[in-house]
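Here's a quick briefing to read with the model open beside you.

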Amino acid sequence: MEIVKYSFQEHGDERGQLIALEESKEIPFAIRRVYYMYDTGEGVRRGFHSHRTLEQILICIHGSCRVLLDDGRERETVLLDKPCEGIYVGPDTWREMYDFSPDAVLLVLASQVYDENDYIRDYEKFMESVRDKM
Ligand code: T46
């Protein structure tokens, strides 16, 4: 599977770096929610679900973590370790986040507000839903 990666423009000067992300510009959807996770315990694995419609951009703005993506055919992992890089994670993609460094802050820009009905949290049900679309 192809992982869609973004390299965001850094507006650097002698004061340091700044990255600006605008909806429908650097981010390919209207941003309706922002959340972030931090203080993730050692050895913790999060995620374990897919979404029916949600689109997201994941950016590890501090520290590092790994993301496993599974589209029902293939699994890929990606290392997020730069605040200027992000990945797109769309619907019908199982995701797991792991290997968080103690200082990791994983920022997520999302296309929809929180809706538990958009989640598929059972791997067999996820496989059934993607098989139906293959
Ligand atoms: C995803 C990955 C990358 C809210 O109340 N509002 C929110 O917007 C979110 C994201 C979560 N919550 C609550 C629901 C749970 O009680 O926060 C708690 C932890 O959420 P969850 O267990 O779903 O977190 P992760 O890390 O497994 O998954 C999250 C997102 O939920 C998910 O959409 O794609 O990060």
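**Around the ligand**

In the side chain of Arg33, an N or O atom sits 2.5 Å from an oxygen atom of the ligand, which makes a polar contact (a pair of N or O atoms within 3.5 Å; within protein, one must be able to donate a hydrogen and the other to accept it, and residues adjacent in sequence count only if both atoms are side-chain atoms). Bear in mind that this is a predicted model: local features need pLDDT of at least 70, side-chain atom pairs count only at pLDDT 80 or more, and totals for chains, interfaces and linings use all residues. Residues are numbered from 1 along each chain as its sequence is written, and side-chain values use heavy atoms, with hydrogens and water left out.

**Ligand contacts and shell**

- His51 has a side-chain N or O atom 2.7 Å from an oxygen atom of the ligand, and for Arg95 the distance is 2.8 Å.
- On its own the ligand exposes 650 Å², and the protein buries 67% of that (areas by the Shrake-Rupley method with a 1.4 Å probe; for residues, only the protein chains shown count as cover).
- There are 13 residues around the ligand, and Arg33, Arg46, His51, Gln56 and Tyr119 come nearest (near means a heavy atom within 4 Å).
- Strands S2 (33–37), S3 (46–51) and S8 (94–98) each supply at least two residues of that shell; strands here are DSSP runs of E, at least two residues, numbered from the N terminus.
- S3 gives the most, with four residues.

**The sheet**

- Five strands make an open sheet in the order S6-S5-S8-S3-S10, with antiparallel pairing (strands pair if DSSP finds at least two bridges between them).
- At the edges are S6 (75–80) and S10, each pairing on one side only.
- S5 (residues 65–70) and S6 run antiparallel and are joined by six bridges; Leu69 has Glu76 in S6 as its bridge partner.

**Two loop residues**

- Ser111 lies in the loop between S9 (105–110) and S10 (119–120).
- Ser111 counts as buried because its relative accessible area is 6% (buried is under 20%, exposed over 50%, partly exposed in between; 1.4 Å probe, protein chains only).
- Leaving out residues up to four places away in sequence, Ser111 touches Phe29, Ala30, Arg32, Leu54 and Glu55 (contact means heavy atoms within 4.5 Å).
- Lys82, in the loop between S6 and S7 (85–89), is partly exposed at 35% relative accessibility.
- The side chains of Lys82 and Asp81 are joined by a polar contact of 3.3 Å.
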